[in-house]
Amino acid sequence: MSSTAGRRADARTDSERTTAAPGGVPILAVDGLRKTFGRGRKEAVAVDGVSFELAAGGSLGIVGESGSGKTTTARMLIGLEQPTAGRIVLDGADHTRPARRIRDLRARGRLIQIVFQDPYTSLDRRQKIGDCLGEVVRLHFGLSGSALDARVRELGELVGLHDRQLRALPRELSGGQRQRVAIARALAAEPKILILDEAVSALDVSIQAQILNLLADIREQRGVSYVFISHDLAVIRQITDTAIVMRHGRVVEQGQTADVLDSPQDPYTRLLRDSVPHAGWRPGADALVTS
Amino acid sequence: MSALLEVDGLSVELPVAGEYRTVLQDVSFSLDAGQTLGLVGESGSGKSMTVRSIAQLLPPGARTSGSITFDGASVLDLRGDALRKFRSRDVSMIFQDPRAHTNPVRRIGDFLTEAMRVNGRVPRREAERRAVELLAEVGIHDGERRLRQYPHELSGGLLQRVMIAASLAVKPRLILADEPTTALDVTTQSEVMAILARLQREYGMAMLFITHDLELAAAVCDETVVMYAGAMVEHQASSRLHTDPLHPYSAALMQARPEIERRVPRLPAIPGHPTSAFETPDGCAFAPRCRFAEDACRAALPAFERVGDGEYSRCRRAEELRGQLLVPAVVSHEEVVR
Amino acid sequence: MTALAVVAEARRRTRRRPRGKHLSVLGWVAAVVLAVVALLAVFGPLLVTVDPNAVDLGNAFADPSAGHPLGQDASGRDLFSRLLSGARTSLVGPLLVVVVSTLLGTGLALAAVWVGGWFDTAVARVVDAVFAFPGLLLAILATSIFGTGLQAAIIALSISYTPYIARIVRGAALRERSLPYIAALRVQGLRGTAISLRHILPNIAGLIFANATLSFGFALIDLAALSFIGLGVQAPTADWGAMVGTGMAGIQQLEPQEALWASLLIVITVAAANSLGDELVKRSEARA
């Protein structure tokens, strides 16, 4: 399953720098996406001219630091923010504007879902895990009784949660287990696209590996497409096929993840790469781009 | 010459819901002036608790045993003025979240000059001049302007540098850095670490550097202590940690991290989750998650023993397994226990 | 001070914050007092053996005796039975004020937080305007329109207490709404009303209850004050606030029993409500 990430031998030209998967129809296409906050002199541009495509079943990484616009981009994709300009096409249909009617909202929910960074605030602290999953299953598929229970157990199994954990409150679970719940809740809607917004960043390293493996399994089994947002280049390498690098709201580089990380073309991508601690690392030795 | 900081057999118990729970077990290390020691571990490993014990910031009701000696004096016995002097002159602490440790309604200038004006009775003008110098030391060259700003007007990286500048004001001999770059962007982390390293060299300060990032510790610390479930499991020179780990946990932790250079079909995850000292069964705390564990490992807590020159491990098979810890497992152990 | 010294100092100061699952001793005492007072309000009037309104001018200001354990007032009425039967009128009023203002305030705040935009701004403005207007003054104004009596006072106080609750609930609900789990539920397509009632409300219910307890004490004082100046409960109905008022005459004649007993009950109840409410508020804030 890592075959798609193998480094391409051929040299890349600028025109080849695209994240479009060969031959596949994109499940997600974003064109000229722009988001500004405030008006007049106070206007701040959060996202500016972002375009990319994600092939069905593919995994796209969005790399960037704070203020890069990667989270705002995610919020526009799931309909929590309305783009100022540009277009969002999900599974062939235009979804640029957030849905207003509850029916459209739910339909979009069955198309695209999100997992957030903090496993502690991602769950209602008073709701049992099973109820949390059940609420979503009932909402989308109207199941009840034993059919609902069976589906909830199935979702639990998918992410490695046992019955005992389904009966627990979030505070009785570890961070990694809670993140499994958040993933199960997102998958409960059976979406075609899953956005993972720094979804493993807050986890301990040993747990991070478990969740990354779990996500790889789910993608393989279910064919869900991922948009994986992270500041962690090693995680991006492990979980994505293509990647875009964002800075100050713009895309500075995009291409196959292996190419972007192995031979970064943009100075900022190079700086990002060199800033990661490694053997023989001298902090701050790189050209300083001071804020 | 005796060490600047000497921690010996430190154990800490905290009262939780009416009973005492062990959070630190038999922690011992020493730190010389100018040296950096990394404390690495996951949640519950006790790395932050170790630092809090040294700064005497343990929650009320904590029971401590063992000793902490700073410059020949017992830190655990400090009270009143002596404790205040220790905290305000000898030791400085840099935290993960600088914003939580600044007053949002007070200007940077007030924050930086308060100590000088109150403790040192330095006149305002003079204190501000020195504050500008301190900011220059941490790479902030428009100090006059920054002094008049509020914390929310500064980025996380800039604010962390202000915190470092503040801790320099008293020229401490020991810096306790508790995940000082975890909340920062990687490029900012690199800058902040560079500043810390330079200042440490110039001032000859000792630093205890807490992090969950093994790579970062290996890159910036002279020696590294790896902690698990409230106890030290390994202690050796940072330069050898990556190629020659002495404890299965350190090795597993390194292997579990994905790499920038390559994608692997499957990450060798460590099964189960990190535990706290009070949750661990008898025997080696890591045994339930360890692919090298034997029955004997579960019988009694192994001692923290010398393996070689300046090398210590809490694994009873440390010598036998040396050199094999980084060899990939044949069967993914994770599948069995997940 | 270095950051370390600042932290050490802050830690020392916060040590007295309530911890653990259980109430402090003071909290327990307050809760027991409130429970006893509540029992008084329910059963008090049933325990009365002597008619609280029976006038016996011959025994004005009589000392405690077998039939009158606490003595008699200026009109010779039995103080003990007046206090007992006054419990219900004295406590039901503030309870109504708290229930009505909590329901109104919570509903308004949740709606404002969920709808957001101009509606939230409008609610916030109105709430601030009413908040700036003293409740007691509003109540006095109301009695000049609707006439004296408990009803007008309760309506006026309910209105003036609503912004207090609305403010607190709005703040807590805004904080709750900003949490990622709410965003996750929105992305799922859950209705705003369902999110507000099934998720936000249960999570802030503790804080709402705590503040209701706290405002019960204030409402009791305000209603007692109205009755004291003669705008609330009207004679001859027994009421603690009104009894303090009528007892004033006795104080001048060195017969302070009536005012003393009535104010003592008010003070104990208010103190209990305040200490319990205060502790509950601190707890729910610490947990949030």
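Modeller: Let us start with a single pair of residues. In strand S9 of chain B, Val225(B) is the bridge partner of Leu39(B). Please keep in mind that this is a predicted model.

Colleague: How many bridges join S3(B) and S9(B), and in which sense do the two strands pair, parallel or antiparallel?

Modeller: Strand S9 covers residues 223–228 of chain B, and its pairing with S3(B) is parallel, over 4 bridges. S3(B) also pairs with strand S8 of chain B, residues 206–211. That pairing is likewise parallel and comprises 5 bridges. Within it, Thr211(B) of S8(B) stands opposite Val40(B).

Colleague: How should I read the two faces of a strand?

Modeller: In a regular strand, the side chains alternate between the two faces of the sheet. In S3(B), both faces are covered. Thr36(B), Gly38(B) and Val40(B) are buried on one side, and Leu37(B) and Leu39(B) are buried on the other.

Colleague: Why is S3(B) described as largely enclosed by the rest of the structure?

Modeller: The reasoning rests on burial, for which the cut-off is 20 or more other C-beta atoms within 10 Å of the residue's own. In strand S3, residues 36–40 of chain B, 5 of the 5 residues are buried, so the strand is largely enclosed by the rest of the structure.

Colleague: Which strands form the open sheet of chain B, and in what order?

Modeller: The open sheet has 4 strands in the order S2-S1-S4-S5 of chain B, and their pairing is antiparallel. Its edge strands are S2 (19–31) and S5 (73–74) of chain B, each of which pairs on one side only. Strand S1 of chain B, residues 5–16, is joined to S2(B) by 9 bridges in the antiparallel sense. One residue pair to inspect is Glu13(B), which stands opposite Thr22(B) in S2(B).

Colleague: Which helix packs on that sheet?

Modeller: Helix H1 of chain B, residues 47–54, packs there and touches S1, S2 and S4 (63–70) of chain B. The direction of H1 makes about 75 degrees with that of S2(B).

Colleague: Which residues of H4(A) are buried?

Modeller: They are Val152(A), Leu155(A) and Gly156(A). These residues cover an arc of only 105 degrees around the axis, so they lie on the same side of H4(A). The other side of H4(A) has Ser146(A), Ala147(A), Ala150(A) and Glu157(A), which are exposed. The cover over the buried residues of H4(A) includes helices H3 (129–141), H5 (163–166) and H6 (175–188) of chain A. After H4(A) comes Gly160(A), with a positive phi near 80 degrees.

Colleague: How are whole chains summarised?

Modeller: Chain A has 10 helices and 10 strands, and 50% of its 291 residues count as buried. Chain C has 10 helices and 0 strands, and 45% of its 288 residues are buried. The C-alpha atoms of chain C fill a box of roughly 75 × 50 × 40 Å along the principal axes. Among contacts in chain C between residues at least 6 apart in sequence, 67% join residues at least 24 apart.

Colleague: Finally, how does one describe an interface?

Modeller: The size of an interface is often given as the accessible area lost when the parts come together. Here we count residues instead: the contact takes 37 residues from chain B and 38 residues from chain A. On the side of chain B that touches chain A, H7(B) gives the most, with 8 residues. The residues of that side of chain B divide into 17 nonpolar, 9 polar and 11 charged.

Note on methods. Residues numbered from 1 in each chain as written. Chains lettered and ligands numbered in written order. Predicted model: local features only at pLDDT ≥ 70, side-chain atom pairs only at ≥ 80, totals over all residues. Contact = placed C-beta atoms within 7 Å. Nonpolar A, V, L, I, M, F, W, Y, C, P; charged D, E, K, R; others polar. Buried ≥ 20, exposed ≤ 12 C-beta atoms within 10 Å, placed from the backbone. Arc of directions from axis to C-beta. Pairing = 2+ DSSP bridges. Axes fitted to C-alpha atoms, helices over the stretch in contact; angles between N-to-C directions.
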